[in-house]
Amino acid sequence: MSFDLNFIGILIGAIMASSVPLILAASGELITERSGVLNLGVEGMMIIGAISGFALMVVTDNLFFAVIGSMLSGLIISLIFGLLTQSLLTNHVATGLALTIFGIGMSAMIGKNFVGIPGKEFPLLFINLKESIPFLGPIFFGHSIILYFAFGLPFLTNYFLKKTKTGLIIRAVGDSPTSASNQGINVTLVRYSCILYGGAMCGLAGAYLSLIYTPQWIENMTGGRGWIALALVVFATWSPIKVLIGALIFGGITILQLHMQAVGLRIPVQLLSALPYIMTIIVLVVISRDSRKIKLNTPTSLGQIFYKEK
Amino acid sequence: MYKLFLRSLISALFLLGFSINANAEFKVGFVYVGPTGDHGWTYQHHEGRNAVEALGIKTTYVESVPEGADAERVIRQLAQSGHDLIFTTSFGYMDPTNKVAKDFPNVKFEHATGYKREHSNVSTYSARFYEGRTLLGHMAGKMTKTNTIGYIASFPIPEVIRGINAMTLAAQKVNPDIKTKIVWVFTWYDPGKESEAAQALIDQGADIIMQHTDSTAPVQVAEKAGVWSFGQASDMQRFAPKSILTSIIDDWAPYYVERSIAARDGTWKQQDTWHGLKEGMVAMAPYNSAMGSDLIKEVEQLQKDLASGKAHSFTGPIYDQKGNILVAEGAVADDGMLAGMNVYVKGVEGDIPQ
């Protein structure tokens, strides 16, 4: 591996690009979980977003519609989850798993006619100075608008949860839905909104894959990234800023692995792909030793069904 | 009364079953590892199936069948549902194919790229893709400016290693400074991973991207980065019109037609087929004019020589990475050695993963 500065810049740029879907999906899921809802359907919502975005791009030939459409479809599919868990009070874990399986099957069916169609070039946000500035060029330029949005999102999410009234309400609902309800907060409505927001972000994460990262549609193209995003939320101990750091670490593992191979270093590929999960388990073990740290951000009512007696 | 009804129902079903069996027309089944729209490996097998279907022979196919337990279930199901000839079109179907063949001695099986023929009803067939790789190596050696060739490899099996070696040997012949960088992705088809691998190779200085995986993602990455690339299995030119120099095309249609007719007419016999440029099972897509007419002429001549047997992809002296001689000067590697190839030749970087 040549260790000149420009090469490191290129490497960082590649790692950033590969972490975008993780940041988007995990930030969305984080809001959902902070309201006390555990939605394991991230992978399913992402893949639906991916096919909807790509299909709309092919049909309308308009990338703006494609991106908005992918968010809407993620939102619609998460609405199913909302109806089941919030209105019909089904188990969160089982419903989320079902949503993933449904999403993968459904996307494959819709995607039948879109296999093998080349994607469209996504416009870059700024003038591309990637080549002209060494080191910093490949880090800051040559990316799509969604990447910049993704890197701002964790900070926005952090501000939203900590400094706004709505954020406080979401946290209250996640920590103690009963008390929140007694304060006059409509717990079900808050949770519905958070589920829909999470769905839209997962849809966008999927669209990033099918429209920008690998501009084409392939069955199962999310390739387990939804599960890594889920692990990432836990890894980040429900803190948005740590989601960003974790996504860069997890994205970095994939990219570095390929670079190490290209220079002839050998590390078992299987071990590296398991690394995000191993790290999540380690973090869980570490935080569970210090109960104050868990209490800080963990939504206490996570995954519990809330039912208001009338 | 109820029991009588049940009994007659069962016997009626049996009769129905028998009559279906008696009238069963000749059917051919295909098992694919990827989707028919991959525009690579599976797409070409599907084209072969279309040629069989065009003869008026009934065919069925199952796509995106993972190599493993699922494969056996699918193959068994095809055998059970009255297919007379079944093509299993990926290396990983080798053991499942032989296992099912044992239980269905009247069904004929054709396994692509494998070497196990444990029962008399199993044939194997493959193409000498490495002849195409030799041509690619020649072009790569001439076209590279950075002297670095990036190679995206799937699984460490002889077929893939043979391709890497054939390409490297041919490239070395025209450009002794050539380096081959290899990234193993451990999948036949994962566009996300394939494009990340292509990008990593380009970032490390490769200006030629070659793939032994099935999706069009690597050539698309190459097109975007402005480096040369080669299509795999089918003509991928329209996915990267500027970047692709040529594609190795697998043409299975004549073989599928011949074997289907033989099975239908009862003349099918077990065999091991390994066809190349000569028979047309390996073909080359049109050469990119960006190479210049001189190089195109050279490559076309080499293609003719490989087809006629005047040239061979593995002509000695060939050394392994440690410098031990593999093929003596003037000799050519025999098919046995090619089929079991499991070492890199000199000039390839890195080790074969275990």
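**Backbone and contacts**

Modeller: To begin with one residue of this predicted model, L89(A) counts as exposed, because 11 C-beta neighbours lie inside 10 Å and the exposed class takes 12 or fewer.

Biologist: Where does L89(A) lie in chain A?

Modeller: L89(A) is in the loop that joins helix 3 (63-87) to helix 4 (92-111) of chain A. Its phi is positive, about 55 degrees, although L89(A) is not a glycine.

Biologist: Which loop of chain B holds A233(B)?

Modeller: A233(B) sits in the loop between strand 9 (228-231) and strand 10 (244-250) of chain B. A233(B) is not a glycine either, yet it has a positive phi of about 75 degrees.

Biologist: What about the peptide bond from G316(B) to P317(B)?

Modeller: That bond is cis, with omega near 0 degrees. P317(B) belongs to the loop between helix 10 (293-308) and strand 13 (318-319) of chain B.

Biologist: Turning to helix 10 of chain A, how many of its 11 residues are buried?

Modeller: In helix 10 (residues 225-235) of chain A, 9 of the 11 residues are buried, so this helix is largely enclosed by the rest of the structure. Among the buried ones are R225(A), I228(A), L232(A) and F235(A).

Biologist: What follows helix 10 of chain A?

Modeller: T237(A) follows it, and the phi of T237(A) is positive, near 45 degrees.

Biologist: Now chain B as a whole. How many helices and strands does the secondary structure of chain B come to?

Modeller: Chain B has 11 helices and 14 strands. Of its 354 residues, 50% count as buried.

Biologist: What is the radius of gyration of chain B?

Modeller: The radius of gyration of chain B is 23 Å; this agrees with a compact globule of 354 residues, for which a value near 20 Å would apply. Along the principal axes, the C-alpha trace of chain B spans about 85 × 40 × 40 Å.

Biologist: How is chain B divided by the domain assignment?

Modeller: The assignment gives domain 1 (13-127 + 252-275) and domain 2 (129-242 + 283-339) of chain B. Their C-alpha centres are 30 Å apart.

Biologist: How many residues of domain 1 of chain B are in contact with domain 2 of chain B?

Modeller: There are 14 residues of domain 1 of chain B in contact with 14 residues of domain 2 of chain B. On the domain 1 side, helix 2 (residues 41-53) of chain B gives the most, with 4 residues. By class, that side has 7 nonpolar, 6 polar and 1 charged residues.

Biologist: And the contact between the chains: how many residues does it take from each?

Modeller: The contact takes 27 residues from chain B and 26 residues from chain A. Strand 7 (179-184) and helix 7 (191-203) of chain B each supply at least two residues of the chain B side.

Biologist: Which element gives the most to the side of chain B that touches chain A?

Modeller: Helix 7 of chain B does, with 9 residues. The side of chain B that touches chain A comprises 11 nonpolar, 9 polar and 7 charged residues.

Technical notes:
Residues numbered from 1 in each chain as written. Chains lettered and ligands numbered in written order. Predicted model: local features only at pLDDT ≥ 70, side-chain atom pairs only at ≥ 80, totals over all residues. Contact = placed C-beta atoms within 7 Å. Nonpolar A, V, L, I, M, F, W, Y, C, P; charged D, E, K, R; others polar. Domains from an automatic or database assignment. Buried ≥ 20, exposed ≤ 12 C-beta atoms within 10 Å, placed from the backbone. Rg over C-alpha atoms; globule rule 2.2 N^0.38 Å.
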